Amino acid sequence: MINAGGHRAQAADILIVGDTIAEVGPPGLAAPGDATAVDARDRLMHPGLINAHTHGHANLAKGMGDRWTLELLLAAGPWISGGRTLEDKYLSTYVGAIEMLTKGCTACYDLTLEFPLPTVEGLEACGRAYADAGMRAVLAPMVAEFSFYEAIPGLLDALPPGLQKEVERLRLAPGDATLDAMRQSMQSWRFDRTSVRSAVAPTIPHHCSDDFMRNCAVLAREFDVALHSHVQESKAQVIVGLKRYGKTQTGHLQDLGLLGPNFTVGHGVWLDHDDMRRLGDHGSSVAHNPGSNMRLGNGLADVRGMLERKVNVAIGTDGANCSDNLNMYESMRLASMASKTQGPDTDRWLTTGEVLAAATEGSARALGFGDRLGRIAPGYKADIVFLDLHNVNWLPFNNAVNQLVHTEDGSAVHSVMVGGSPGR
Ligand SMILES: [Zn+2]
């Protein structure tokens, strides 16, 4: 078994009581007579990977695009994700949950979209998909007041009149209606909060008014849930932010009072050092999505800079509409590789240990499960992945952490346990 921070895999027995790890010890650990034994010989056990940024509604779009920037992707959003029935919403979420589970990921932070506003039934369908799959999730309705076409200064005016009319029809619901819908959903939440819990995701700061952003934070405080927003992901976003606020988006979010331990920046590719310091000082997280950042041409995030400024770094895949798979092994590998392309100073490169820590403990903290997920240790939930050491990825077996991050691609996943139960 291996945890982040461990250099060598240790042979171990794990005693699970209910859904929680009670004890970890050398082989031969005492167990109650009626305990069920799971044979993990020739298996490497690692904490379930945690996907800190994905989009359940985007799972039907894998492979639909190639040379798309973020802005082209957002412009195509209604085509990619619109016109969904409740069953579509369930299935889109469910297919992603199955992909993540079968690729060693046991929990995710899902920023899900409904048009023109979130609904109690829609969020219930998405939550049910995770509950049915047997996977943990933080489900955050991705909300805004302004569509992409309205949020980019001058874009609407630049469209031909015919197209302007069509785009008019894509208006989102008023902010108050959206906030009411989220409140209703949280009040009637029917899932066990340790398995599927809600959060609030104002999608991109300049797609929202300042009042709306503040009210999202008030709602998150009221229901003790997390906040997540896409911040400084693309250069265009940075420019719009500077133009609109006269400062970086992160600086503006700090002024609005949004930064805190429950706040996660999605991406943060273009954070400057002051932004990183702001996030670090507030105990906030960044969900780093290197696959999406490369695929959309957004650039490479300075993760070393974030860690130096005490930002909690988590790792995600982003949605299948811009990463085309939800493979956290691949995200870890890309996080390592992306850091190593940024300069010749090897001290600034991420180690495989740092990457594994981000994809387990760091992501757990971003999801608000920091003391319960991300480690195989007493008191933590029994979310464990069993890798088959006979798989070619582990022949030969040289170094558990290096191979987990650089070699494993999901094909050695033998089985996955969530809360002591096999993922379905
Ligand atoms: Zn995203």
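With a disulfide taken as a pair of cysteine sulfur atoms within 2.5 Å, the count of disulfides is zero. The model examined here is a predicted one. Cys208 illustrates the result: the cysteine sulfur closest to that of Cys208 belongs to Cys216 and lies 6.2 Å away, which is too far for a bond. For Cys216, in turn, the closest cysteine sulfur is that of Cys208. Cys208 is buried, with a relative accessibility of 0%, and Cys216 is likewise buried at 0%.

Cys216 is one of the buried residues of helix H9, together with Phe212, Met213, Ala217, Leu219, Ala220 and Phe223. These residues lie on the same side of H9, because they cover an arc of only 160 degrees around the axis. In general, an α-helix has 3.6 residues a turn, so residues three or four places apart point the same way. Helix H9 itself comprises 14 residues, 210–223, and reaches 20 Å from its first C-alpha to its last, close to the 20 Å expected at 1.5 Å a residue. The buried residues of H9 are covered by elements that include strands S6 (136–143), S7 (196–202) and S8 (226–231), as well as helices H8 (175–187) and H11 (249–256). On the face turned away from the buried side, H9 carries the exposed residues Asp211 and Arg221. Asp224 follows H9 and has a positive phi, near 55 degrees.

Side chains of opposite charge can pair when their charged atoms come close. In the whole structure, 22 salt bridges were found. One of them joins Arg304 to Glu354, with the closest N and O atoms 2.7 Å apart. This pair links distant parts of the chain, since Arg304 belongs to helix H14 (residues 303–308) and Glu354 to helix H16 (residues 352–367), 50 residues apart. Arg304 is buried, with a relative accessible area of 13%, whereas Glu354 is partly exposed at 27%.

Helix H16 also contributes Glu361, which forms a salt bridge with Arg375. The closest N and O atoms of this pair are 2.4 Å apart. Arg375 lies in the loop between H16 and strand S12 (384–388), so the pair ties together parts that are 14 residues apart in sequence. Arg375 is partly exposed, with a relative accessible area of 26%, and Glu361 is partly exposed at 28%.

Salt bridges that share partners join Lys62, Glu99 and Lys103 into one network. Glu99 is buried, at 11% relative accessible area, while Lys103 is partly exposed at 24%.

How values were computed:
Residues numbered from 1 in each chain as written. Predicted model: local features only at pLDDT ≥ 70, side-chain atom pairs only at ≥ 80, totals over all residues. Heavy atoms only, no water. Buried < 20%, exposed > 50% of the residue type's maximum accessible area, 1.4 Å probe, protein only. Helix = DSSP H or I, 4+ residues; strand = E, 2+ residues; numbered from the N terminus. Expected span 1.5 Å × (residues − 1). Arc of directions from axis to C-beta. Contact = heavy atoms within 4.5 Å. Salt bridge = Lys/Arg side-chain N within 4 Å of Asp/Glu carboxyl O.
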